[in-house]
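Good morning, colleagues. Please take a moment to look at the sequence and the structure, and then I shall go through several parts in turn.

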Amino acid sequence: MKKIKKIIHEKEFDTMTIVTDIEEVPSLEDTVETVDRKTLADTRMDIAEGQPTQVYEPRPLTPDDDIYEDIIEQFASAPTKPKYWFEEFGDYWSCSCGHINKGDSCKSCGLERELLRSLFILHKPTGEIGKLDKKLKKSKEKADKEAVQYAEKENHRKEREASGEDLTKVVPIETAVTVQQNIKPKSKSKTKIAIAIAAVLILIGACGFAIYKHMAAPAMQYEEAVQLMEDGKYAEAIEIYTSLGDYKDSKAMIVKCHVLIGDKYYEEAKFEEAIASYETAMDLKKDDSLYEKIRLCYIGMGDAYLADDEYEKALGVYMVAAEIAPGDDVQEKINETKLAYVKAFMDDRTDQVEAYLEELVEADYPGAKELYDSYYAWHVSIVANTSESDYSTDKSTVSRKETVYFHTSLSGGEPEETIRLYYEVKWPDGHNEIYNLDSEWKSGDKISARFQYSIPVFGREGKLTFNLYNFNTKELLGSDSVTFKN
């Protein structure tokens, strides 16, 4: 492969480069006859050469370019053959495939910016004569030639004058023709044309800048923001879309970015952050689909709380989800959480437990009725001893001579509910006795039943059993027994 020439560029490419007006070297006829024309020509060339010349030329890649073969050889195995000259304008650059980019590599063909910069000539290298410089050089050479001819004729005239020759003598036709060819009529049209051309170039440059500012630059920024969105860099994309204002659908794209941020948080189970992003999008544009996304976030939060047995928090967020958009799925979550709460705190018998139970029964939620019946079932605690007031000590044996007391503590039932009771006693000799407790009993009441042999010496040893029943349902509520000895 050929070694690529190292070229020193005079200046970084700038799309706003305006062609510097180059004053055309005036013809000799524009000067006063008494001025030394050679001196005038030298002076004008010095001024022209001292001015920096910035030439903006089209840069198609053609076989006539000096480095054409080097470039083609360098790109022999590249996926995209170069068709255009590499150019840079600020942060953006045009690839040799024609794609506009911002960054280190082309988004279309993948070529690197540094590689292209090292291969393509952005401006004429230092020391090389450009088209404009060649034009100035030719003008200078022509002026020098005319100045020499004028000096020769002037010296000839002075010699004739010094020799006393009649200067009014007619000049030969050949000489007259030569002078006529070298001295052209003075004209101001060239100056006007130059001014007009300069004005047109300035106007073109201004129009080009306006087009770049209001069309090309926003388009490139928009494409950059789209790419950032695809890369998941939503905050950076939002910043660019915001700067674009009303360009295309920038405002709608900002909303989309916030939604995508919320979706990402939702996938990571960061529900609070997701809700914040969705609500930001909602503030920018009302959308029913966003309500659904927010609702799902609250459901996700509730599920997480429920898994951690934080029932009250779970119910709170489920309720919010139901307010946003009521649905069977949310109500199912709410009932599920209430049932879990009741099971966890049933023994505490709090008002909240009872309220949730009633709601579940009214909703006919599966398992609620069984749990309700169990929670409000009547319960009794029975102990047997020989004390009239001891409701805690439970004895298993007593003497035939002692009086036996069966103490019952009643609990359960629905609020303010009462119950009727009866009991059955089985004696050691096998006979039974049934007694009705005619009063209405409620939760918290205590009941005592006393038994003894009328003639203890004739009393039979054995077991005395006490059974307490629900008068209405005939359900056995509790039982206890004691054994007579001696």
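Let me begin with a definition: two strands pair if DSSP finds at least two bridges between them. Helices (H or I, at least four residues) and strands (E, at least two) are DSSP runs, numbered from the N terminus. What you see is a predicted model, in which local features need pLDDT of at least 70, side-chain atom pairs count only at pLDDT 80 or more, and totals for chains, interfaces and linings use all residues. Residues are numbered from 1 along each chain as its sequence is written, and side-chain values use heavy atoms, with hydrogens and water left out.

I start with an open sheet. Its three strands follow the order β4-β6-β9, with antiparallel pairing. Six bridges hold the antiparallel pair of β6 (residues 404-411) and β9. Within β9, Ala449 is the residue that stands opposite Phe406.

Next, strand β10. Of the nine residues in β10 (462-470), eight are buried, where buried means under 20% relative accessible area, exposed over 50%, and partly exposed in between (1.4 Å probe, protein chains only). Strand β7 (residues 418-426) runs antiparallel to β10 and is joined to it by six bridges; Tyr422 has Tyr469 of β10 as its bridge partner. With β11 there are eight bridges, again antiparallel, and Gly462 finds its partner in Phe484 of β11. Five residues lie between the strands in the hairpin of β10 and β11, where Lys474 takes a positive phi near 60 degrees.

Two further residues other than glycine have positive phi values. Asp364, with phi near 55 degrees, sits in the loop between α13 and α14 and counts as exposed because its relative accessibility is 66%. Asn486, with phi near 60 degrees, belongs to the segment after β11 (476-485) and is exposed at 62%.

Now the nonpolar cores. Such a core is a set of buried Ala, Val, Leu, Ile, Met, Phe, Trp, Tyr and Cys residues joined through side-chain atoms within 4.5 Å. Which residues have the most contacts inside the largest one? They are Tyr278, Tyr298, Val342 and Leu357, in a core of 38 residues. Among the elements giving two or more residues to this core are α8 (250-267), α9 (271-284) and α10 (288-307). Leaving out residues up to four places away in sequence, Tyr278 touches several residues, including Val259, Tyr266, Leu290 and Ile294; contact means heavy atoms within 4.5 Å. A second, separate core has 25 residues, including Ile382, Ala384, Ile419 and Leu464.

Finally, Arg113. This residue lies in helix α3 (residues 113-119). Is Arg113 buried or exposed? With a relative accessible area of 13%, Arg113 is buried. Its side chain makes a polar contact with that of Glu88 at 2.9 Å. A polar contact is a pair of N or O atoms within 3.5 Å; within protein, one must be able to donate a hydrogen and the other to accept it, and residues adjacent in sequence count only if both atoms are side-chain atoms. Beyond its neighbours within four places in sequence, Arg113 is also in contact with residues including Phe86, Tyr92 and Trp93.
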